[in-house]
Amino acid sequence: GGRGGSSGGGSGGGRGGEWSGDGFSYYSPLGRTRSEVLERFGMYADTVLRHPDQIGFLAHHPKALLTPRTLIKASIGMVYGVRDGSKFRKSAEAEFGEWTARIVAGEPPGDLSFSQMLRGAVAAVNEEDINAPLVGEGAWAREWTSVGNG
């Protein structure tokens with residue numbers, strides 16, 4: 001056994017699956033860059049945050065940004081250990097810190113863009129690091145690359 005499988009919904013599920021409009025199928029990040037992975041994650045996050053239930057919740061509770069905060073933490077983890085990773089975190093947190101004020105001021109929560117926030121944060125990171133292909137170590141990485149998913 002190993003990791004993988006489809007998370008359901010979406011074209012190209014299973015190993016090596018890709019982003020689809022209705023879901024985020026599992027895919028191997030090996031051989032992709034952090035920038036590419038973050039771009040895909042931003043699309044996923046925008047889909048999550050634009051769900052009608054999430055929009056309604058954020059509109060009524062603009063200070064309770066639990067889901068966006070969780071997504072921010074995950075994205076920060078994707079740049080852990082790269083040069084200028086702290087600049088990514090500071091940029092993302094600064095933009096995110098304005099979301100409550102923007103919602104309270106009347107901006108519809110559905111107009112907030114997680115992917116745009118990530119693009120700004122990516123621009124703050126060392127370009128060589130953020131655009132270097134990801135490589136894996138250990139059995140999990142060997143399994144992925146041995147079946148042509150890397």
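These are my notebook entries on what I looked up in this predicted model.

**Ground rules.** I number residues from 1 along each chain as its sequence is written, and my side-chain values use heavy atoms, with hydrogens and water left out. Since the model is predicted, local features need pLDDT of at least 70 and side-chain atom pairs count only at pLDDT 80 or more, whereas totals for chains, interfaces and linings use all residues.

**Confidence.** I began with pLDDT, the predictor's confidence in each residue, from 0 to 100. The mean for the protein is 79, and 71% of its residues reach 70 or more. I then went through the helices (DSSP runs of H or I, at least four residues) and the strands (E, at least two), both numbered from the N terminus. Strand S1, residues 19-20, has the lowest mean pLDDT among the elements, at 49, while H6 has the highest, at 94. Over residues 1-17 pLDDT stays under 50, and for this stretch the model has 41 contacts beyond four places in sequence, a contact being heavy atoms within 4.5 Å.

**Helices H3 and H6.** Two packed helices are described by the angle between their axes and the distance between the axes. I looked up both for H3 (residues 66-77) and H6 (residues 114-123), and found an angle of about 30° with the axes 12 Å apart. The axes are lines fitted to C-alpha atoms, for helices over the stretch in contact, and the angles run from 0 to 180 degrees between N-to-C directions. On the H3 side the contact is made by Pro68, Leu71, Ile72 and Ser75, and on the H6 side by Phe114, Met117 and Leu118. I sorted these residues into six nonpolar, one polar and no charged, where Ala, Val, Leu, Ile, Met, Phe, Trp, Tyr, Cys and Pro count as nonpolar, Asp, Glu, Lys and Arg as charged, and the others, Gly among them, as polar.

**Ser115 in H6.** Ser115 is found in helix H6 and, at 7% relative accessibility, counts as buried; buried means under 20% relative accessible area, exposed over 50%, and partly exposed in between, with a 1.4 Å probe and protein chains only. Leaving aside neighbours within four places in sequence, I find Ser115 in contact with Gly42, Met43 and Asp46.

**Salt bridges.** I searched the whole structure and found eight salt bridges, each a side-chain nitrogen of Lys or Arg within 4 Å of a carboxyl oxygen of Asp or Glu. Asp46, noted above as a contact of Ser115, meets Arg50 in one of them, at 3.9 Å from N to O. Asp46 is buried, with a relative accessible area of 8%, whereas Arg50 is partly exposed at 37%. Lys87 and Asp84 meet in another, at 3.8 Å from N to O, and here Lys87 is partly exposed at 46%, as is Asp84 at 30%. I also noted a network of salt bridges that links Arg83, Glu128 and Asp129.

**Glu95 in H4.** Glu95 is found in helix H4, residues 85-97, and is partly exposed, with a relative accessible area of 28%. Glu95 forms a salt bridge with Arg102, the closest N and O atoms being 3.0 Å apart, and Arg102 is partly exposed at 24%. Beyond four places in sequence, Glu95 is in contact with Arg102 and Met117.
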